[in-house]
Amino acid sequence: RHYRISPLCRPVHETTPGVIAGLVLDLSDRLPYMAVLRKDMRMWENFTTRTKACTTFDQAARELLWLFKQLKPIVFDANWNEKRAQSFREECETCSSPEQ
């Protein structure tokens with residue numbers, strides 16, 4: 001398990017890439033085993049290593065996008081349509097600050 005980090009604990013302008021990476025790891029810890037496409041432990045360990053090493057917002061956003069791509073489609077709410085998913089992917093791909 002990774003450390004728990006609350007997004008409400010600091011103003012957005014004080015958020016760091018490490019905080020975002022911590023949130024991504026926290027989210028990954030909460031996923032049910034059956035929600036992911038691949039269960040290869042080495043792959044997940046590499047994800048953890050990469051995410052802990054994030055030093056920029058774009059790196060943290062890319063790890064969030066990687067995590068998103070590991071989820072089975074069935075875990076998403078039916079109202080979260082492809083247009084919203086595409087917007088999320090684009091935001092992750094272009095993120096460079098916590099305001100994005």
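Glu63 is buried, with a relative accessible area of 10%, where buried means under 20% relative accessible area, exposed over 50% and partly exposed in between, for a 1.4 Å probe and protein chains only. This residue is found in helix α3 of a predicted model, in which local features need pLDDT of at least 70, side-chain atom pairs count only at pLDDT 80 or more, and totals for chains, interfaces and linings use all residues. Residues are numbered from 1 along each chain as its sequence is written, and side-chain values use heavy atoms, with hydrogens and water left out.

**Overall layout**

- The protein has 4 helices and 0 strands, these being DSSP runs numbered from the N terminus, with helices (H or I) of at least four residues and strands (E) of at least two.
- Read from the N terminus on, the elements follow the order α-α-α-α, and 35% of the 100 residues of the protein count as buried.
- Among contacts in the protein with a separation of 6 or more, 63% are between residues 24 or more positions apart, a contact meaning heavy atoms within 4.5 Å.

**Surroundings of Glu63**

- The side chain of Glu63 makes a polar contact with the side chain of Arg50 at 2.9 Å; such a contact is a pair of N or O atoms within 3.5 Å, where within protein one must be able to donate a hydrogen and the other to accept it, and residues adjacent in sequence count only if both atoms are side-chain atoms.
- Leaving aside neighbours within four places in sequence, Glu63 is in contact with Val24, Phe47, Arg50, Thr51 and Cys54.
- The charged end of Arg50 sits over the ring of Trp66, 5.1 Å from its centre, the criterion being that NZ of Lys or CZ of Arg is within 6 Å of the ring centre and within 35 degrees of the ring normal.
- In another arrangement of this kind, the charged end of Lys39 sits over the ring of Tyr33, 5.3 Å from its centre.

**Helix α1 and its cover**

- Helix α1, residues 17-29, has 13 residues and reaches 18 Å from its first C-alpha to its last, close to the 18 Å expected at 1.5 Å a residue, the expected span being 1.5 Å times one less than the number of residues.
- The buried residues of α1 include Pro17, Val19, Ala21, Val24 and Leu25, and what covers the buried residues of this helix includes α2 (41-52) and α3 (57-69).
- Ala21, placed in helix α1, counts as buried at 4% relative accessibility, and it touches Thr51, Cys54 and Ala60 when residues up to four places away in sequence are not counted.
- The C-alpha atoms of Ala21 and Leu64 are separated by 8.1 Å, although these residues are 43 residues apart along the chain.

**Nonpolar core**

- The largest nonpolar core has 9 residues in all, namely Val24, Leu25, Val36, Met43, Trp44, Phe47, Trp66, Leu67 and Leu71; a core of this kind is a set of buried Ala, Val, Leu, Ile, Met, Phe, Trp, Tyr and Cys residues joined through side-chain atoms within 4.5 Å.
- Helices α1, α2 and α3 each supply at least two residues of this core, and α2 gives the most, with 3 residues.
- Trp44, leaving aside its neighbours within four places in sequence, is in contact with Val36, Arg38, Lys39, Trp66, Leu67 and Gln70.

**Aromatic pairs**

- The structure holds 5 aromatic pairs, counted when rings of Phe, Tyr and Trp (its six-membered ring) have centres within 6.5 Å, with planes under 30 degrees apart called stacked, over 60 edge-to-face and the rest tilted.
- Phe47 and Trp66 form a stacked pair, 4.9 Å centre to centre with 20 degrees between the planes; because Phe47 lies in helix α2 and Trp66 in helix α3, the pair ties together parts that are 19 residues apart in sequence.
- Both Phe47 and Trp66 are buried, and together with Trp44 they form one aromatic cluster.
- The rings of Phe68 and Phe88 have their centres 5.1 Å apart and their planes at 55 degrees, so this pair is tilted, and it links distant parts of the chain, with Phe68 in helix α3 and Phe88 in helix α4 (residues 82-94), 20 residues apart.
- Phe68 is buried, with a relative accessible area of 12%, whereas Phe88 is partly exposed at 22%.
- Not counting residues up to four places away in sequence, Phe68 touches Phe76, Trp80, Ala85, Phe88 and Arg89.
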